[in-house]
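Reader: Please show the sequence and the structure. I have some questions about local features.

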Amino acid sequence: MSGRKPRSVANPLESGITTPSEKILKECHTLYVDSENGLVKIAISLGVRLLPPRKKIIVMIMGNHSAGKSSFINWYAEEHIQKAGVAIETQGFTFVTSGRKRESLTGNATLHLYPHFRPILEFKGAMDYLTAEISTSKQKKFSLVTFVDTPGLVDGDMVYPFDVNAAITWLGEQADLVFVFFDPMGQALCKRTLNIVEKLSETSGDKLRFYLSKADEAGKDTDRQRVMMQIVQELCRRPGLNKCGFDMPTIYIPNPQKPSRCVNQIDVVCETIEKTINQAVQKTLDQLEKDSDLICSTISSRLEQDRADVTHNKSVRLHSFLCGALGIFLPALFILSFIVNTFSQEQLDELLGEGPSRTLFVFTGIIMYIWDWIPEDGQVLFVIVFGAFCYLLLFLAKYFAGRGNKTLTKKEKRTMAEYSDYIQDIVKTKKGNLYDWYLQQCAAESDF
């Protein structure tokens with residue numbers, strides 16, 4: 001047997017307390033992915049594309065190597081998940097999340113767990129450096145967060161196995177928060193880091209948060225202030241990062257054995273994560289209402305269009321019937337006129353009776369009068385034109401018959417009505433209850 005020591009976990013299996021935010025996000029996610037009446041399934045049947053909301057927020061952490069990215073994740077989860085050290089420990093992207101079992105996943109399994117990150121395959125070589133670490137930790141808000149630990153960035157001749165700048169930029173655009181860690185030990189002004197940050201600020205500036213990590217290792221307060229001034233000056237030189245209200249809290253991992261007089265604002269990081277989670281809950285509930293309204297409006301428009309199609313089909317069927325009837329009746333009457341003309345009135349009365357024979361005699365008499373009126377040399381031309389006209393009527397009958405629109409069956413209309421009732425009675429009611437319950441967690445009872 002192997003003498004390898006099993007990895008410790010922060011919490012035993014399924015022992016964490018589920019928070020209100022976690023319950024709400026899971027409830028909303030279930031409403032989307034339910035196998036019978038999920039909004040995604042209903043939307044697909046209507047030709048509408050919906051994406052289920054994430055059950056967790058994505059927090060990407062970037063910075064130069066040895067900036068404390070992995071150490072922060074370990075501290076937040078209160079479990080040793082990622083390797084941490086002065087060397088470049090993280091060479092690829094690692095998704096760190098909370099789950100039911102401590103497990104490590106490779107690239108393919110990671111993309112199965114996070115299918116919305118599959119476009120990362122477009123970055124050649126990134127797949128081989130993609131992993132996921134699943135922890136059972138429920139500390140802080142870890143059950144609602146997925147951290148993305150990025151490769152340590154350095155300048156110079158360092159060669160990465162994939163386009164690290166483009167890959168980090170793309171991941172940052174998908175994340176809910178992007179933490180940029182600057183350490184005070186000589187790598188804070190890494191140009192590669194600043195280039196990626198400047199690129200991200202163009203599309204995701206509101207997600208960026210800057211922190212001076214390992215602030216307790218910066219020496220005296222004057223040294224720390226000098227480092228921060230250098231970082232701010234370098235950032236301000238770049239037009240995309242020269243903004244008002246710039247903030248860069250000082251943080252470090254607390255160590256009871258090494259007390260420090262440096263102000264530690266690491267709680268600000270936790271508050272930022274918690275605030276983003278709360279915003280994600282509100283956005284998810286709002287999106288649930290928008291998607292419900294979208295499905296209901298789509299059903300209403302489909303049913304209204306179906307009624308219009310039914311009216312249209314009745315019209316074209318009438319046109320088709322009239323043209324077809326005339327296309328058959330006129331040539332039949334024309335031929336019948338010549339046949340009837342061979343009989344006398346008395347013979348017709350004996351065959352058909354007095355009433356029908358007189359009616360038939362009147363119609364055929366009109367046809368024969370017209371025929372006698374046409375000159376003999378024009379009768380052949382008349383037959384050709386008359387035949388072409390009857391053919392045109394038959395062609396129009398077929399044309400109108402093919403102009404009908406496809407309509408909904410009774411089963412489809414009944415299913416749509418059931419979907420609409422389900423969304424109105426179940427989904428929207430549940431959304432309202434979840435919103436009320438969420439607000440009750442943070443507002444005073446007197447406000448309700």
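The questions and answers below concern a predicted model.

Reader: At what angle do α3 and α8 pack, and how are the two helices oriented to each other?

Author: Two packed helices are described by the angle between their axes and the distance between the axes. Here the axes of α3 and α8 lie 12 Å apart and the angle is about 70°. Angles of 65 to 115 degrees count as roughly perpendicular. The orientation of α3 and α8 is therefore roughly perpendicular.

Reader: Which residues of α3 and α8 make the contact?

Author: From α8, the contact has Ile266, Val269, Cys270 and Ile273. From α3, the residues are Phe72, Trp75 and Tyr76.

Reader: Is Asn74 buried or exposed?

Author: Asn74 sits in helix α3, which covers residues 69-77. Its relative accessibility is 11%, and the limit for a buried residue is under 20%, so Asn74 is buried.

Reader: With which residues is Asn74 in contact, leaving aside its neighbours within four places in sequence?

Author: Asn74 belongs to helix α3. Once the neighbours within four places in sequence are set aside, the contacts of Asn74 are Glu79, His80, Ile81 and Gln82.

Reader: What is the phi of Glu78, and where is Glu78 found?

Author: Most residues other than glycine have a negative phi. Glu78 is not a glycine, yet its phi is positive, at about 55°. Glu78 is found in the loop between α3 and β2 (93-98).

Reader: Why does Lys140 count as partly exposed?

Author: Lys140 is in the loop between β4 (130-135) and β5 (145-149). Its phi is positive, at about 50°, although Lys140 is not a glycine. Lys140 counts as partly exposed because its relative accessibility is 31%.

Reader: Which element gives the most to the nonpolar patch on the surface?

Author: The patch is formed by Ile335, Leu336, Ile339, Phe343, Leu351 and Leu352, which together have about 550 Å² of accessible area. Two elements give two or more residues to this patch: α8 (266-340) and α9 (345-352). With three residues, the element that gives the most is α8.

Reader: What is the relative accessible area of Glu78?

Author: Glu78 is in the loop between α3 and β2. Glu78 is partly exposed, and its relative accessible area is 45%.

Methods:
Residues are numbered from 1 along each chain as its sequence is written. This is a predicted model: local features need pLDDT of at least 70, side-chain atom pairs count only at pLDDT 80 or more; totals for chains, interfaces and linings use all residues. Side-chain values use heavy atoms; hydrogens and water are left out. Helices (H or I, at least four residues) and strands (E, at least two) are DSSP runs, numbered from the N terminus. Buried means under 20% relative accessible area, exposed over 50%, partly exposed in between (1.4 Å probe, protein chains only). Contact means heavy atoms within 4.5 Å. Patches are made of residues with over 30% relative accessible area and no salt bridge: like charges are joined within 9 Å, nonpolar side chains (Val, Leu, Ile, Met, Phe, Trp, Tyr) within 5 Å. Accessible areas come from the Shrake-Rupley method with a 1.4 Å probe; for residues, only the protein chains shown count as cover. A salt bridge is a side-chain nitrogen of Lys or Arg within 4 Å of a carboxyl oxygen of Asp or Glu. Axes are lines fitted to C-alpha atoms, for helices over the stretch in contact, and angles run from 0 to 180 degrees between N-to-C directions. Angles under 35 degrees count as roughly parallel, over 145 as roughly antiparallel, 65 to 115 as roughly perpendicular and the rest as oblique.
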